[in-house]
Structures are given as structure tokens and as C-alpha cells.
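Here are some notes for a colleague opening this entry. Please read them alongside the sequence and the coordinates.

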Amino acid sequence: MHPRRRRSSGRVTLNDVAHAAEVSPITASRALRGERGVAAELVARVQEAAQRLGYVPDPAARALATQRSTQVPVLVPLLSNTLFVDVLEAVHRTLFPAGYQPLIGVTHYDAQEEEELLRSYLALRPAGLLVTGFDRTETARQLIAASGVPCVHLMEVTDAPQVYCAGFSQQDAGAAMTAHLLAGGRRRIAFIAAQLDPRTLQRAEGYRRCLRAAGLYDAGLELLSSARSSLALGAELLERLLREQPDVDAVFFCNDDLAQGGLLAAQRLGVAVPRQLAIAGFNDLAGSAQMLPPLTTVRTPRWAIGEAGAQMLLQLMRGGQPPQHSVRLPYEVVARAST
């Protein structure tokens, strides 16, 4: 017999495997799925043919045929941020042993890019969906709702009914760091932020809330930049702040990248930390504990968020109901020598 012609794409198909094993496509499919009722000799022939030909099942075709998928898109803003790498690692370690394959989508903090990713991934009829936060276009929200795919939101929390989420209050965490600086006797506390994504702005609101309650809020002490966060930008923004507000006695950076850059800039400028200027960050990223002086920061539960969100999604994908729709995880103000 002559071998059948493959698809124009060159992809080995189930029909190719069936032909090589001399069985019907239905038998080949059942053998590869491990269904009972297929003779062991036929299973062995089909598996040998699949291995020899390098056959890889088409997940989209399988989902259409079985009405079930094992794919779970996970949409995060960046892969260059350790914060989201930790979340993804926890998600993978939870979902993969349960038979699900996470698909990573990077939105780059762009609502339109997220919308296009959702269109592409939802066309695969995934088993579930994990997204970052609640801020997205109305079209994106409608795509998720109309798909019927179980969805869990990561990093933020809400008490809204029927919204599944795992995270912590970014605003409360921002207020907690500001309160720590106030407790240390600081009164001219600045807030420096970059990227200006929704969670950064929530931390800023926590900072404002705390200082307003103390009667010490000064809008002139906020320095906000839409540029990508980095050590270099942190140094640049601290130098600008000290030129414009020389009497500032503390700086709360919206994340550790900026704060680490600010610490290095303070050293170059001869500004004594913490005697002249207290410096604090957020997220407790790698290297913060090794800075000179070690950086005070907020330790965020990113691994726990990924694990809790994935566990919640597993229950939903299996047709169950999680015991709670909103999982609030603890953060911690880690006081080190920089304050």
C-alpha cells in the first residue's frame, strides 16, 4: 500500500497513525486515549505507529471531539518581573499534575493586546482561564462571560458576587507601608511610582488614605511616571525628587526595582539612608535583602496567589463550587535597615 498524503502543513495526523497501524481512525483514537475495550495488541500497534511517526495530538481537535480541553490560558502583564514568574510557577505546579496545561499569554499592560490574546485562546475552547486583576476592556469582559469558561482573577480581590479571585488588597498594603514610615517619625513622605498599572495606582491610593488620615498628605510629594519600571528609572526619579523637594524625609517606591535604584542613587549623592532619608519598596524581590542598607519592603504572597487561584479554578473546571469566591492572602511589611 502507498502511504497516504499528509496535510499540506506536513503535520502527522490521526489518519496517518491509523493507516500505519492498519486500524480505523476511530480505533486509533480510542487506543491513544486509553479507552477500555480496545485489544492490547491493537493498542500496542497504534502506540508504536504514533511514536514512529512523531504524532502529536491536536488539542483543539480533541476538545471539539470530546467537548473537553486540558488547556488553561494564564494572562500576565510581564515575564521580566519576578513577581509574575513566581505566580506562574505556582500555577504550573498546581495544574500540570492534575492533567492541565497552562498556556502563558503576556499582555504587556496593554488592554488591546489582552483582548486579542483572549480571542485567540478562547477559540481553543480552553478548560479554564486565569487573568491578572480586574482592569480590562468591556469587550474583553464580554468575551470571557460569553465563553462560559471558568475564570479566576489573580493579584486583586473583590467582594462582588460570582467573581472568583485570589490576591490581597493592594490599597491596604500601600497604607500599611505608609503607616510604618509614619511610625518611624517621618512626616514628609514621598511616593514614587512607574508603569502606573492598576495595582500600582491602588498602592498610591493607600498611601494617600494613610497620610490624609494623619493630616500630612501633600500632592507635591507624588512623583508618577508612565515609563517602564527599572533600577535606572528609580535612580533618576529619586534625584529629581530631591531637587524638587529637598526637605523630603522618606520615599515609598511602588516596587523594589525602583527602590533599589533609589538606594544606589542615594549612595552616589551622599544621602545617608536612613538617617537623612528613609527608603521603602514593595514586593520583596530578589536582592532587596542584600542591598546596603537592606531594603524595607512589603512581602507579597505571589506563590500563594498562584496556588490558591489555580486550586479554585481546578474546582470550577471539575464542576465543583469553591468554598469561597474571594481568597484574601496575607502580605507583610518587612522592616529592614533602610527605614
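Helices and strands here are DSSP runs, with helices of at least four residues and strands of at least two, numbered from the N terminus.

1. Confidence. This is a predicted model. The protein has an average pLDDT of 92, and 94% of the residues reach at least 70. Residues 1–8 have a pLDDT below 50, and that stretch makes 12 contacts in the model beyond near neighbours in sequence.

2. Cis peptide bonds. Most peptide bonds are trans. The bond from Val273 to Pro274 is cis, with omega near 10 degrees. Pro274 sits in the loop between α11 (256–269) and β9 (278–280). A cis bond also runs from Leu292 to Pro293, where omega is near -5 degrees. Pro293 belongs to the loop between β9 and β10 (297–299).

3. Positive phi angles. Most residues other than glycine have a negative phi. Gln162, which is not a glycine, has a positive phi of about 65 degrees. Gln162 is placed in the loop between β4 (151–155) and β5 (164–167). With 63% relative accessibility, Gln162 counts as exposed, because the cut-off for exposed is over 50%. Leu196 likewise has a positive phi, near 60 degrees, and is not a glycine. The loop between β6 (189–193) and α9 (198–213) holds Leu196. Leu196 is partly exposed, at a relative accessible area of 26%.

4. Cysteines. How many disulfides does the structure hold? The number is 0. For Cys165, the closest cysteine sulfur is that of Cys151, 10 Å from its own, which is too far for a bond, because a disulfide needs two cysteine sulfur atoms within 2.5 Å. Cys165 is buried, with a relative accessible area of 0%. Cys254 is in no disulfide either, and the nearest cysteine sulfur, in Cys210, lies 17 Å away. Cys254 is buried as well, with a relative accessible area of 0%.

5. Surface patch. Which residues form a nonpolar patch on the surface? They are Leu79, Val85 and Ile104, which together have about 240 Å² of accessible area. Val85 is part of helix α5 (residues 82–95). Is Val85 buried, exposed or partly exposed? Val85 counts as partly exposed, at 38% relative accessibility, because this value falls between the cut-offs of 20% for buried and 50% for exposed.

Technical notes:
Residues are numbered from 1 along each chain as its sequence is written. This is a predicted model: local features need pLDDT of at least 70, side-chain atom pairs count only at pLDDT 80 or more; totals for chains, interfaces and linings use all residues. Side-chain values use heavy atoms; hydrogens and water are left out. pLDDT is the predictor's confidence in each residue, from 0 to 100. Contact means heavy atoms within 4.5 Å. Patches are made of residues with over 30% relative accessible area and no salt bridge: like charges are joined within 9 Å, nonpolar side chains (Val, Leu, Ile, Met, Phe, Trp, Tyr) within 5 Å. Accessible areas come from the Shrake-Rupley method with a 1.4 Å probe; for residues, only the protein chains shown count as cover. A salt bridge is a side-chain nitrogen of Lys or Arg within 4 Å of a carboxyl oxygen of Asp or Glu. Buried means under 20% relative accessible area, exposed over 50%, partly exposed in between (1.4 Å probe, protein chains only).
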